[in-house]
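My notes follow in the order in which I checked them.

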Amino acid sequence: MAKRAASDSPHLDAEQQEQAAARAPARALVIHEVVRAEGEAELERTSQALLWSGLAAGLSMGFSYALQGLLQHALPDAPWRHAAASLGYTVGFIIVILGRQQLFTESTLTAALPVLTNPSLAKFGTVLRLWTVVLLANLAGTWIFAAALCYLHPFGVEANGEFASLARDTLAGDFTPTVVRAVFAGWLIGLMVWLLPSAGAARLLVIGLITWVVAFGRLSHIIAGSTEAGYAVLLGQAPVNAYVAKFLAPTLIGNIVGGVALVALLNHAPVSDEMDGKKPASREKA
């Protein structure tokens, strides 16, 4: 292990060994336990606390849509326009994650690890409660934000064309391609959550870079995209059943698969033997 090797190095004095150990990368098990502990804390929160935190997160995620639309409106029609406008998409995630608000796609990893570690019907029921409350609260927040954009025009009416264009794109895909894009989005957001415990001072960079990739790749995120899809419905571009069938259902399926199967399961499996005492810690790779 990197930390043990650093602390035992014969080439360093005691102070240097301590410095080397402190700077060594965190072990996979350490990251797992940090994320799992976060999940345990989330599962202990009351439904009322989850509701208010989830509503705040849904409202905050609206800024990802708003800032992306405003940047797209302000930039010239050039090949790099989408790449630059995608920077606006990162704002909502930065607010939510650094503000410790409850976001559904984060919970697909954090809440899943406690169940994978100590599976039981009672704990699985608690996870379903958290996911349900947070998802509904997040979606409610996105619709409130979409209604404010549609009817109150807080950023003026000049960018309404860009808002409408982004909204149409969210509902333009077919079911299966949307599921696939949502799997990759859930995968990336889960990986972001996994990286944050060891990111240190680079937390802002990690959040910004990964969520920029989601926007640049036009991947489907259940909460960020809900503001756009909700705006399309409120604007009369699409009926409510299109919101459900073309956005909500495929994106929800894909985000859960990406967060649970491709991040939670794959990152839990390598450390499960060590947690059960079946594998000596000394055999872990540095």
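I counted a salt bridge where a side-chain nitrogen of Lys or Arg lies within 4 Å of a carboxyl oxygen of Asp or Glu. The model is predicted, so I kept in mind that local features need pLDDT of at least 70 and side-chain atom pairs pLDDT 80 or more, while totals for chains, interfaces and linings use all residues. Residues are numbered from 1 along each chain as its sequence is written, and side-chain values use heavy atoms, without hydrogens and water.

**Salt bridges.** I searched the whole structure and found five salt bridges. A network of them links Glu33, Arg36, Glu40 and Lys123. Within it, I noted Glu33 with Arg36, whose closest N and O atoms are 2.9 Å apart. I then looked up accessibility, taking under 20% relative accessible area as buried, over 50% as exposed and in between as partly exposed (1.4 Å probe, protein chains only). Glu33 is partly exposed at 27%, and Arg36 is buried at 17%.

I next checked Glu38 and Arg100, which meet in a salt bridge at 2.8 Å, N to O. Glu38 is partly exposed at 28%; Arg100 is exposed at 52%.

Glu162 and Arg81 form another salt bridge, 2.9 Å from N to O. Both residues, Glu162 and Arg81, are buried.

**Helix packing.** I took helices as DSSP runs (H or I, at least four residues), and strands as E runs of at least two, numbered from the N terminus. Helix α10 (residues 160-170) packs with helix α13 (residues 224-235) at about 105°, their axes 8 Å apart. I fitted axes as lines to C-alpha atoms, for helices over the stretch in contact, with angles from 0 to 180 degrees between N-to-C directions.
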